[in-house]
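Thanks for asking me to look over this model.

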Amino acid sequence: MDIQFLGHASFLVNFEGTKILIDPFISGGPGDGIIDIKTLEADYILISHGHGDHMTDAESIAKRTGALIVSNYEIVTWYEKKGLKGHGLNHGGKFTFDFGTIKYVQATHSSSLPDGSYAGNPGGFVIWNDQNAIYFAGDTGLNMDMKLIPMLCPKLDLAILPIGDNYTMGYEEAIFASDFVECNEIIACHYDSIEIIKVDKEIVSKAFAEKGKKIHFLDIGASKEY
Ligand code: NI
Ligand code: MN
């Protein structure tokens, strides 16, 4: 498996050959001018919630690639009305696709679509197959439901957690989150994109290291292998 950071909270996961694009937001975001959305490949596009900084480029990429949009029922229905194909989940539900399983899990946040449509409740994803298991928390505060993940899913190789505070949990809570999901390997997201969510990477890295955890700050466009 390898994971490419596309900026903010966008990732492209190559899951043993299956390309899973998560929360695509390149246009107008930190990845704009670095990531070429016209050549991004995707078999699946996962959308955690309806906010623009998580789905701005989903429609154009889905149209070009034919990727299947996986999100909650309301968001998927919204895209289906635009002629795109999707698979709607809801909290606690999972479905096994050709490449592996996706489970939609609790996130404490808000959610509405750019045109004001109801977007259901926000979520995160646990994605796994025989080789790998990752947790993408989405925009969320720390919540006790995270403790259900190790009870219900395979042992995680990696957790992708927001750390920027203000709109999501900050890094102090993300340390607890990584405890709750029982994963010591973390990739940071939802930080530094705008002034209000700037972090001091040195302080954050040290705080995780003190708990025996490793947090990675990927450069936009950079990939990491697992
Ligand atoms: Ni959000
Ligand atoms: Mn966000």
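1. First, the ground rules. This is a predicted model, in which local features need pLDDT of at least 70 and side-chain atom pairs count only at pLDDT 80 or more, while totals for chains, interfaces and linings use all residues. Residues are numbered from 1 along each chain as its sequence is written, chains are lettered from A and ligands numbered from 1 in the order in which they are written, and side-chain values use heavy atoms, with hydrogens and water left out.

2. Seven strands make up an open sheet with mixed pairing, in the order 7-8-9-10-11-12-13. Strand 7 (94-96) and strand 13 (214-216) are at the edges with a single partner strand each, so one side of each has no neighbour in the sheet. On average, neighbouring strands here are turned by 20° against each other, direction ignored. Strands are DSSP runs of E with at least two residues, helices are runs of H or I with at least four, and both are numbered from the N terminus; two strands pair if DSSP finds at least two bridges between them.

3. Strand 9 (residues 123-128) deserves a look of its own. Six of its six residues are buried, where buried means under 20% relative accessible area, exposed over 50% and partly exposed in between (1.4 Å probe, protein chains only). G123, F125 and I127 point one way, and G124, V126 and W128 the other.

4. Now the neighbours of strand 9. Strand 8 (residues 101-106) pairs with strand 9 in the antiparallel sense over six bridges, and K103 has V126 as its bridge partner in strand 9. K103 is also the bridge partner of K94, and strand 7 runs antiparallel to strand 8 with three bridges between them. Strand 9 and strand 10 are antiparallel too, over four bridges, and form a hairpin with four residues between them; W128 stands opposite A133 in strand 10.

5. Which residues coordinate the manganese ion (ligand 2)? They are D53 (OD), H54 (NE2), D139 (OD) and H190 (NE2), at 2.1 to 2.2 Å. Donors are N, O and S atoms within 2.8 Å of the metal (3.2 Å for Na, K and Ca), and water is not among the atoms, so sites may look incomplete. D139 bridges this ion and the nickel ion (ligand 1), and the two ions lie 3.1 Å apart.

6. Two residues have backbone angles worth checking. Most residues other than glycine have a negative phi. H190, in the loop between strand 12 and helix 5, has a positive phi of about 55°, and counts as buried because its relative accessibility is 2%. E16, in the loop between strand 2 (10-15) and strand 3 (18-22), has a positive phi of about 50°, and is partly exposed at a relative accessible area of 44%.

7. Finally, the surface. L148, M151 and L152 make a nonpolar patch of about 320 Å². L148 sits in the loop between strand 10 (133-136) and helix 3 (149-152), and counts as partly exposed at 39% relative accessibility. Patches take residues with over 30% relative accessible area and no salt bridge, joining like charges within 9 Å and nonpolar side chains (Val, Leu, Ile, Met, Phe, Trp, Tyr) within 5 Å. A salt bridge is a side-chain nitrogen of Lys or Arg within 4 Å of a carboxyl oxygen of Asp or Glu.

Methods:
Areas by Shrake-Rupley, 256 points an atom, 1.4 Å probe, with all protein chains shown as cover. Axes fitted to C-alpha atoms, helices over the stretch in contact; angles between N-to-C directions.
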